[in-house]
Amino acid sequence: MNPLEEKYSDPRLLELTGFVEDYLRQKIKNGFQSKVHGFSHMLWVAEKAEELVEKEGGTIEQQKLTFIAGLFHDIVRPKPLLMNANDEPPEVASAKIAVQKLMELGYSQQEINVVEQAILGHSFGVELSGNRKDVALAAGLVAECLMAADKIRQFLPSIARERAIFIEESIENPSKEQVADYWRRRIEKAEEFLDSPAGLRLLKHEPDLKKQFLLVKKHFREKIVSS
């Protein structure tokens with residue numbers, strides 16, 4: 001028996017996982033989806049968010065819903081160069097797909113609401129700027145752990161490779177100044193996040209992230225600013 005099916009006794013999780021994997025494979029193949037927001041990213045965030053909920057004493061139900069929200073949190077994440085000003089924010093479009101799929105599989109309205117709210121509230125800036133803050137807070141532990149798991153990679157040296165790809169997807173022929181400005185803004189947001197409730201919750205379980213983040217900032221100073 002698959003570990004997810006054994007833990008939750010809910011084979012619908014297998015169908016959801018397969019759906020997300022197939023959906024993202026097709027979207028990346030046709031050049032729409034950002035390459036750094038593929039299935040491996042979704043699964044990693046889903047598993048890490050679920051783990052954080054468990055460490056925080058969350059229920060099995062909360063762990064399950066967090067895993068589901070993680071699977072769908074960036075299922076619509078187009079390359080920024082392909083987006084128009086009037087397009088729906090990625091988290092809104094992602095939440096809509098999640099809601100539709102969960103309804104098809106017979107999840108309760110309460111379960112759907114928690115997943116939807118967590119997806120809407122996971123993005124950078126939601127908690128910090130107040131944008132849809134009430135929605136994020138309504139999902140409580142699930143939303144905060146999803147946000148925290150999604151942000152972990154911001155503090156790891158591997159972010160340098162991811163951001164290089166994402167910059168190419170965001171800016172056509174970027175200048176050195178544009179690259180430096182992009183990195184500067186990401187680092188500022190990451191530092192803000194560490195002081196947020198979700199960031200503080202994360203640091204309880206991942207205290208080494210601050211040390212890892214020093215390497216990220218060192219890379220920024222040595223490879224981006226000084227180049």
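User: What share of the accessible surface of the protein chain belongs to carbon and sulfur atoms?

Analyst: The model is predicted. The accessible surface of the protein chain comes to about 11200 Å². The share of this surface that belongs to carbon and sulfur atoms is 51%.

User: How many helices and strands does the protein chain have?

Analyst: Along the sequence, the pattern reads α-α-α-α-α-α-α-α-α-α-α-α-α. The count for the protein chain is therefore 0 strands and, as DSSP runs of at least four residues, 13 helices.

User: Is Asn173, with its positive phi, buried or exposed?

Analyst: Most residues other than glycine have a negative phi. Asn173 is not a glycine, yet its phi is positive, about 50°. Asn173 sits in the loop between α10 (159–170) and α11 (176–194). Its relative accessibility is 69%, and because the cut-off is over 50%, Asn173 counts as exposed.

User: Which element gives the largest share of the lining of the second largest cavity?

Analyst: The whole structure has 2 cavities of 30 Å³ or more, and the second largest cavity holds about 40 Å³ of space. Elements giving two or more residues to its lining are α10, α11 and α13 (209–225). The largest share, 4 residues, comes from α11.

User: How many charged residues are in the lining of the second largest cavity?

Analyst: Residues lining the second largest cavity include Gln154, Trp183, Phe213, Arg163 and Arg186. By class, this lining has 6 nonpolar residues and 1 polar residue, and the number of charged residues is 2.

Conventions: Residues are numbered from 1 along each chain as its sequence is written. This is a predicted model: local features need pLDDT of at least 70, side-chain atom pairs count only at pLDDT 80 or more; totals for chains, interfaces and linings use all residues. Side-chain values use heavy atoms; hydrogens and water are left out. Accessible areas come from the Shrake-Rupley method with a 1.4 Å probe; for residues, only the protein chains shown count as cover. Buried means under 20% relative accessible area, exposed over 50%, partly exposed in between (1.4 Å probe, protein chains only). On a 1 Å grid over the protein atoms alone, a cavity is a set of points where a 1.4 Å probe fits but cannot get out, and a pocket is an open set with protein on both sides within 12 Å along at least five of seven lines; lining residues have an atom within 4 Å of a point. Grid points are joined across faces, edges and corners, and a volume is the space filled by probe spheres set on the points. Ala, Val, Leu, Ile, Met, Phe, Trp, Tyr, Cys and Pro count as nonpolar, Asp, Glu, Lys and Arg as charged, and the others, Gly among them, as polar.
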